[in-house]
Amino acid sequence: MQEEYYMNLALSLAKGAAYQTSPNPPVGAVVVKDGRVIGMGAHLKAGEAHAEVNALAQAGAEAEGADIYVTLEPCAHFGKTPPCANLVIEKGIRRVFIAAVDPNPLVGGKGIEKIRAAGIEVTTGICEKEAIALLTPFFHFIQTKRPYVTIKTAVTADGKTAAHTGHSRWITSDEAREDVHLLRSQHDAILTGIGTVLLDNPLLTSRLPHGGKHPIRVLLDTHLRVPVDFHIIQNKEAKTIIFCASDAQTKKQRQLEDEGVTVIRLSHMSIDKVLDELGKMGIMTLFVEAGAEINASFLDAGSFNKLIMYMAPKLIGGKSAPSSFGGLGGSTMDEALAIDFTSVEMIGPDLKIVAERRGM
Ligand SMILES: Nc1c(/N=C/[C@@H](O)[C@H](O)[C@H](O)COP(=O)(O)O)[nH]c(=O)[nH]c1=O
Ligand SMILES: [Zn+2]
């Protein structure tokens with residue numbers, strides 16, 4: 001239908017800027033008059049103009065009597081910019097088509113109410129499923145005040161993340177690893193554990209051919225064992241935050257802080273505490289690229305939303321070779337955590353399998 005056509009255009013605009021609006025949602029808007037697109041826009045950065053503002057600016061005076069398609073209901077509150085609901089009314093828009101209504105009880109429905117009260121026809125639910133899929137991390141963040149967590153793991157076809165010696169470079173192909181760097185650039189922060197750092201001395205930056213934002217690096221290091229001369233400390237392209245226990249050495253903490261690292265002491269190291277702290281910093285999306293023990297702690301806490309597994313067409317064997325999730329693990333299969341596969345694709349010679357936690 002014609003409405004879907006214009007809403008899909010608005011969705012594609014939202015997707016285009018989806019990973020640069022944190023902690024705001026990705027939103028797209030299209031202004032149409034007599035079957036002609038006269039304005040389109042996306043929200044590009046938190047604090048800057050909302051999608052409706054950009055689209056209506058492009059439409060100019062022609063917006064009078066036109067229709068607007070927007071992927072999330074127009075805001076009604078005075079945030080960093082004036083409410084879009086007021087602007088839609090001021091510009092004399094004739095009809096408003098919305099994909100998803102904001103589930104935030106403080107905001108949800110207020111924009112629609114304001115616009116309807118001005119006598120403008122509002123239709124909701126156009127391409128709602130696609131819009132919600134794009135907005136899921138934002139809705140999760142608003143509802144839980146914690147980041148939306150994606151665990152990434154890279155395994156051989158027999159499920160190993162390294163040889164029994166710990167050697168792991170590389171399991172997956174250049175293409176798959178570039179895909180991982182794209183994912184890193186699409187996240188606000190990347191988390192790993194001291195085990196992975198001591199083994200790999202990783203940079204955890206997003207090294208892409210056309211550039212891309214580096215995620216904030218988050219390291220779980222209970223006793224502050226990270227060597228000060230390691231990349232995660234010496235590389236200044238991205239910020240590094242380290243969570244440690246309250247009894248970690250203060251001398252080491254000062255050395256790390258002298259390198260510009262933020263050290264946060266927790267009374268007890270728990271994934272939920274870490275996620276609460278990251279949520280308070282406005283980190284909306286978290287990419288976990290860690291080892292079996294950290295992954296197991298996310299699994300045990302049930303605190304992840306998505307799993308991305310790259311599987312390489314190679315077999316390494318080794319009864320003591322590590323797999324993606326360590327820890328004690330469940331004792332019977334009915335203790336297994338349910339996930340739903342949402343996509344499987346080939347990236348170079350590797351498989352990329354995406355799954356979501358059921359009911360999250
Ligand atoms: N061994 C592999 C991975 N390994 C992932 C982590 O264990 C590494 O420490 C991390 O990618 C290193 O980050 P860097 O220094 O920024 O390059 N991840 C992958 O996708 N494929 C692999 O074959
Ligand atoms: Zn707005």
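**Notes on two annotated sites**

1. Let's start with Glu289. Leaving out residues up to four places away in sequence, Glu289 touches Lys152, Val180, Arg184, Ile190, Leu191, Thr192 and Leu204. Keep in mind as you look around that this is a predicted model.

2. Where does Glu289 lie? You'll find Glu289 in the loop between β11 (285-288) and α11 (292-301). Its relative accessible area is 12%, so Glu289 is buried, the cut-off being under 20%. Its side chain also makes a polar contact of 2.9 Å with the side chain of Arg184.

3. The UniProt record (an unreviewed entry) lists Ser168, Arg184, Leu204, Arg207 and Glu289 under "binding site". Ser168, Arg184, Leu204, Arg207 and Glu289 from this set are part of the lining of the largest pocket.

4. Apart from neighbours within four places in sequence, the contacts of Leu204 are Arg184, Ile190, Thr192, Pro215, Arg217, Ile232 and Glu289.

5. Now for another set: UniProt, again in an unreviewed entry, puts "binding site" at His50, Cys75 and Cys84. These span 35 residues in sequence, but no two of their C-alpha atoms are more than 9.1 Å apart, so they gather at one spot.

6. His50 is in the loop between β2 (36-42) and α2 (51-59). Neighbours within four places in sequence aside, His50 is in contact with His43, Cys75, Thr81 and Cys84.

7. Cys84 belongs to helix α3 (residues 84-90). Is Cys84 buried or exposed? It counts as buried, at 0% relative accessibility. Not counting residues up to four places away in sequence, Cys84 touches His50, Glu52, Val53, Pro74 and Cys75.

Terms used:
Residues numbered from 1 in each chain as written. Chains lettered and ligands numbered in written order. Predicted model: local features only at pLDDT ≥ 70, side-chain atom pairs only at ≥ 80, totals over all residues. Heavy atoms only, no water. UniProt positions renumbered as here; feature names shortened; annotations may be inferred. 1 Å grid on protein atoms, 1.4 Å probe; cavity = no way out; pocket = protein on both sides within 12 Å on 5 of 7 lines; lining within 4 Å. Contact = heavy atoms within 4.5 Å. Helix = DSSP H or I, 4+ residues; strand = E, 2+ residues; numbered from the N terminus. Buried < 20%, exposed > 50% of the residue type's maximum accessible area, 1.4 Å probe, protein only. Polar contact = N/O pair within 3.5 Å; in protein donor to acceptor, adjacent residues only side chain to side chain.
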